[in-house]
Amino acid sequence: MRFDLRLPLGLLFSIFGIILIAQGLLASPAANSKSLGLNLNLYWGLAQLVFGAVMLAFVLISKKRKRS
Amino acid sequence: MQHLGLGPTDLLIIAVYFVFVLGIGLVLKRSMKRSEDFLLSGRRIPSWIAGLAFLSANLGAQEVIGMAASGAKYGMITAHFYWTGAIPAMIFVGLFMMPFYYGSRARSVPEYLKLRFDEKTRTFNAMSFAVMTIFSSGISMYAMGKLMHALLGWNFDLCVWASAAIVLAYVFLGGLTSAIYNEVMQFFLIVMGFAPLVYVGLRDCGGWNGLVERLGLVSSAHGGQSWVSVWRGLGSAANNPMGVEWFGMAMGLGFVLAFGYWCTDFLVVQRAMVAENQTAARRVPLIAAIPKMFFPFLVILPGMIAIALTHKAGQSGFQLPIRPDGTYDYDATIPMMLAHYFPTGILGLGLTALMASFMSGMAGNVTAFNTVWTYDLYQTHIAPGKSDNHYLWMGRMATVFGILVSVAAAYVAAHFNNIMDLLQLVFAFVNAPLFATFLLGMFWKRSTGHGAFFGLLAGTGAAALHHGLTAPIGAVTLFKGGWLGSVVRNYPSEMAQNFWTAIWAWSTCFIVTIIISLATRQRPDEELRGLVYSLTEKPQEGHLDWWKRPVWLAVLVAGCALALNLIFA
């Protein structure tokens, strides 16, 4: 039985998102001078977490549909 | 160049990615029971997955790095590789060619040639393809080792062997499905890793208008050739940085090279052949075309930003590095931008995207190689009539063998750069005429096996002859052309010479195939059913929702591509 690819996609990007958000919150603001003062880690981490969560939601929805 | 220091967060991100790569292989191992599961994914992949894999299989790191380099060197005109080349070709393969690839139940592109023409045409194609994929995979490994060494100071040997071991592990375990799943992950990683790079780069230029203004300075430094328009400079070769006029562009790149690649290269066509049914297979290239047409903004735009900032510095002071001979090191565009703009954390993400794309580049080639080797060479010439289990075993062995030879090729590339140039040249000669063979094979039932085989040989010969008699201006080495002694024609650039080599090869193959076909005996119609357009039933897709029908998808894709061409004309 083949698995739903959206599951690893969702997990991978959720984990990446959480790691980047943590880095963005914990690192000193001086670390952001490279990216023109933008906290790229925080904002892009959030974007990835949202993407990962949407993928995982798709997996749950299609599982429920199969069951009913 | 100073080595880039990676923080623990960067390493953690890279490590998490590798866990997922190997995990996917391990989970898929259980479903690999027949040779078809391993080599053809059991033909059960949904079209969105196959579509993204179709797109990413071609999106090796060399492509990503090369497109950014061209973006810096030539500007927006590089988008022709997408909007004139790839997109029309992808529409064509989806609408018109996939019914024959899929409908004939051929398991590979060479096998279609066997069904349509004869054994010698197939063997010629299978052998050149097998050698070509192995060397492409080797070049990918070499490029990765070199980049990681230059950027991070990692050991070259370790990079090559470690990446070979990881690719081997996940392809050996999960076969083509594993490669395809990883290609889809790679697609999202590239988007995730490069989008913020483009954003920050654009901000550094002062937005789109700031970029255009800076590129105006680049343009005035080069005699007014435009860096922001796709079509305006194509009236004559002197008016654009690429040195190509509209006919060479549309015919050479658009028609021969792009169609030759997207329509006949098994590496990409294999991704459509694994779809669950014929309509899904036809949708694969069309679905792939939708993100593909927006990729210039992800891979070409960084190059344009880099050259713009080099001519007039932004607030961060980014500059393209300069090589010892005083020219810009265009290939360093992407790695230098990653190093310059990304703080630790997201830097790990950017590097993961690059590594993923290098490894998919290898895996894609290896999975195409093991299928062609197992079905077209081993089963046909060495050991026919064995059990399916035997071929599954052979597919796995071919994976191991293919990767070992790729490693060897990586070392050949590292020591004799010229040998690689020569090989790539030979493959260009072999590939350029192939699209003429397929076009005649699929749409003209009168074409014959002898016609196809000798047409291909003649086309390859014509490509070599053209290359030997012409040269780009200022070329020094034999590999750039003119090796037949006298140079009959000088082209303004290597790109222009390539496009015209392709045009000559294609035309020769087309004409010779027709002449020899007319002189040899045609196969009876009965044998060609399902292989030739006029003898095949048209696919019935009227009952599907409109957005599931390939025709409407194609109209949508064509409309968007046309709009992009007009907006950035």
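**Reading a predicted two-chain model**

Biologist: Is B:Asn182 buried or exposed?

Modeller: Count neighbours. A residue is buried if 20 or more other C-beta atoms lie within 10 Å of its own, exposed if 12 or fewer, and partly exposed in between, with C-beta atoms placed from the backbone. B:Asn182 has 28 other C-beta atoms within 10 Å, so it is buried.

Biologist: What kind of model is this?

Modeller: It is a predicted model, in which local features need pLDDT of at least 70 and side-chain atom pairs count only at pLDDT 80 or more, while totals for chains, interfaces and linings use all residues. Residues are numbered from 1 along each chain as its sequence is written, and chains are lettered from A and ligands numbered from 1 in the order in which they are written.

Biologist: What is the mean pLDDT of chain B?

Modeller: First the term: pLDDT is the predictor's confidence in each residue, from 0 to 100. Where pLDDT is low, the predicted coordinates should not be read in detail. Chain B has a mean of 88, and 98% of its residues reach 70 or more. For the model, ipTM is 0.94 and pTM is 0.91.

Biologist: Back to B:Asn182. Which helix holds B:Asn182?

Modeller: Helices (H or I, at least four residues) and strands (E, at least two) are DSSP runs, numbered from the N terminus. B:Asn182 sits in helix α8 of chain B.

Biologist: Which residues does B:Asn182 touch?

Modeller: Contact means that two C-beta atoms, placed from the backbone, lie within 7 Å. Leaving out residues up to four places away in sequence, B:Asn182 touches B:Val21, B:Ile24, B:Tyr170, B:Ser360 and B:Ala363. Take B:Ala363: it is 181 residues from B:Asn182 along the chain, yet their C-alpha atoms are separated by 9.0 Å.

Biologist: And B:Gly201?

Modeller: B:Gly201 is also in helix α8 of chain B. It has 25 C-beta neighbours inside 10 Å, so it counts as buried. Beyond four places in sequence, B:Gly201 contacts B:Pro302, B:Ile305, B:Met337 and B:Tyr341. B:Lys292 lies 91 residues from B:Gly201 along the chain, with 21 Å between their C-alpha atoms.

Biologist: Why is helix α3 of chain B largely enclosed by the rest of the structure?

Modeller: Apply the neighbour count along the helix. Helix α3 covers residues 47-57 of chain B, and ten of its eleven residues are buried, so the rest of the structure largely encloses it. Among the buried ones are B:Gly51, B:Leu52 and B:Phe54.

Biologist: Which helices do the buried residues of α3(B) pack against?

Modeller: They pack against α8 (156-205), α11 (266-273), α12 (278-292) and α15 (346-382) of chain B.

Biologist: At what angle do α3(B) and α8(B) pack?

Modeller: Axes are lines fitted to C-alpha atoms, for helices over the stretch in contact, and angles run from 0 to 180 degrees between N-to-C directions. Here the angle is about 75°, and the axes are 8 Å apart. Angles under 35 degrees count as roughly parallel, over 145 as roughly antiparallel, 65 to 115 as roughly perpendicular and the rest as oblique. α3(B) and α8(B) are therefore roughly perpendicular. Contact residues include B:Ile49 and B:Ala53 of α3(B), and B:Glu183 and B:Phe187 of α8(B).

Biologist: What classes of residue make the contact of α3(B) with α8(B)?

Modeller: Ala, Val, Leu, Ile, Met, Phe, Trp, Tyr, Cys and Pro count as nonpolar, Asp, Glu, Lys and Arg as charged, and the others, Gly among them, as polar. This contact has nine nonpolar, two polar and one charged residues.

Biologist: How many helices and strands does chain B have?

Modeller: Chain B has 21 helices and two strands. Buried residues make up 59% of chain B.

Biologist: How many helices and strands does chain A have?

Modeller: Chain A has two helices and zero strands. Its radius of gyration is 16 Å, well over the 11 Å that the globule rule gives for 68 residues, so chain A is more spread out than a compact globule. Its C-alpha atoms fill a box of roughly 50 × 20 × 15 Å along the principal axes. In chain A, 32% of the residues are buried.

Biologist: How many residues of chain A are in contact with chain B?

Modeller: 23 residues of chain A contact 29 residues of chain B. On the chain A side, α1 (6-26) and α2 (40-67) each supply at least two residues. The largest share, nine residues, comes from α1(A). By class, that side has 15 nonpolar, six polar and two charged residues.

Conventions
The radius of gyration is taken over C-alpha atoms; the globule rule is 2.2 Å times the number of residues to the power 0.38.
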